[in-house]
Amino acid sequence: MTPDQRLAYLAGIVDGEGCISTHLIPNKRHIPSVYVKVVMTDARPVMLLQTVFGGTVAGVQPRKPNHKPGYCWQVSGRRAGDVLIALMPLLLVKKEQAGKAIAIRAITGSVGKRLSEDRLNSGLAIRDEIRILNKRGVA
């Protein structure tokens with residue numbers, strides 16, 4: 001597999017099996033931070049994501065006796081933004097979430113950096129937009 005083919009394959013995995021979302025960094029200001037997560041029952045794509053992009057892989061216990069154990073790859077913060085910038089041109093289903101997540105990264109910048117009230121509110125507003133895009137059910 002060439003590097004371009006590998007990137008296209010991983011974009012398909014994130015687009016089909018992944019989640020692009022945000023969480024609030026637990027500090028006084030609750031600054032939004034981006035994360036990308038993929039959970040699958042086959043470890044190979046999850047391990048490839050870790051090899052290419054870093055991040056962490058953890059085992060996931062089945063919720064029901066007849067379910068298989070799973071593997072969860074996750075990356076957050078600046079690294080999640082780097083992943084999304086690399087995959088963005090290849091995404092179809094999650095392209096809008098990726099664009100908004102990249103915008104949050106641009107607004108919030110470094111985690112240790114103090115944000116103005118306007119920048120914080122802009123980041124939180126985009127976080128709300130991502131949450132709406134990720135909502136399950138019929139639109």
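Predicted model: local features only at pLDDT ≥ 70, side-chain atom pairs only at ≥ 80, totals over all residues.
Modeller: Two strands count as paired when DSSP finds at least two bridges between them.

Biologist: How many bridges join strand β1 to β2, and in which sense do the two run?

Modeller: β1, residues 18-24, and β2 are joined by seven bridges and run antiparallel. Another position to look at is serine 21, which stands opposite tyrosine 35 in β2.

Biologist: Which residue in β4 is the bridge partner of valine 38?

Modeller: That partner is tryptophan 73. Strand β4 covers residues 70-76 and pairs with β2 through six bridges, again in the antiparallel sense.

Biologist: What is the order of the strands in the open sheet?

Modeller: The four strands follow the order β1-β2-β4-β3, with antiparallel pairing. β1 and β3 (56-60) are the edge strands, each pairing on one side only. From one strand to the next, the twist averages 30 degrees.

Biologist: Which helix packs on the sheet and touches β1 and β2?

Modeller: Helix α5, residues 117-133, does so, and its direction makes about 145 degrees with that of β1. Helix α2, residues 43-53, lies across β2, β3 and β4 and runs at about 20 degrees to β4.

Biologist: Why is β2 described as largely enclosed?

Modeller: Begin with the cut-off: a residue is buried when its relative accessible area is under 20%. In β2, residues 32-40, seven of the nine residues are buried, so the rest of the structure largely encloses this strand. As a general point, side chains in a regular strand alternate between the two faces of the sheet.

Biologist: Is valine 46 buried or exposed?

Modeller: Valine 46, a residue of helix α2, is buried, with a relative accessible area of 0%. Leaving aside residues up to four places away in sequence, valine 46 touches Val38, Met40, Val57, Tyr71, Cys72 and Trp73. Alanine 58 is twelve residues from valine 46 in sequence, and their C-alpha atoms are 9.6 Å apart.

Biologist: How much space lies in the largest pocket?

Modeller: The general idea is that rolling a probe the size of a water molecule over the atoms shows where empty space is left. Here the largest pocket holds about 260 Å³ of space. Twelve residues line this pocket, and the closest to its centre are Val39, Val60, Gln61, Arg63 and His67. Sorted by class, the lining has five nonpolar, four polar and three charged residues.

Key: Residues numbered from 1 in each chain as written. Heavy atoms only, no water. Buried < 20%, exposed > 50% of the residue type's maximum accessible area, 1.4 Å probe, protein only. Axes fitted to C-alpha atoms, helices over the stretch in contact; angles between N-to-C directions. Contact = heavy atoms within 4.5 Å. 1 Å grid on protein atoms, 1.4 Å probe; cavity = no way out; pocket = protein on both sides within 12 Å on 5 of 7 lines; lining within 4 Å. Points joined across faces, edges and corners; volume = space filled by probe spheres on them. Nonpolar A, V, L, I, M, F, W, Y, C, P; charged D, E, K, R; others polar.
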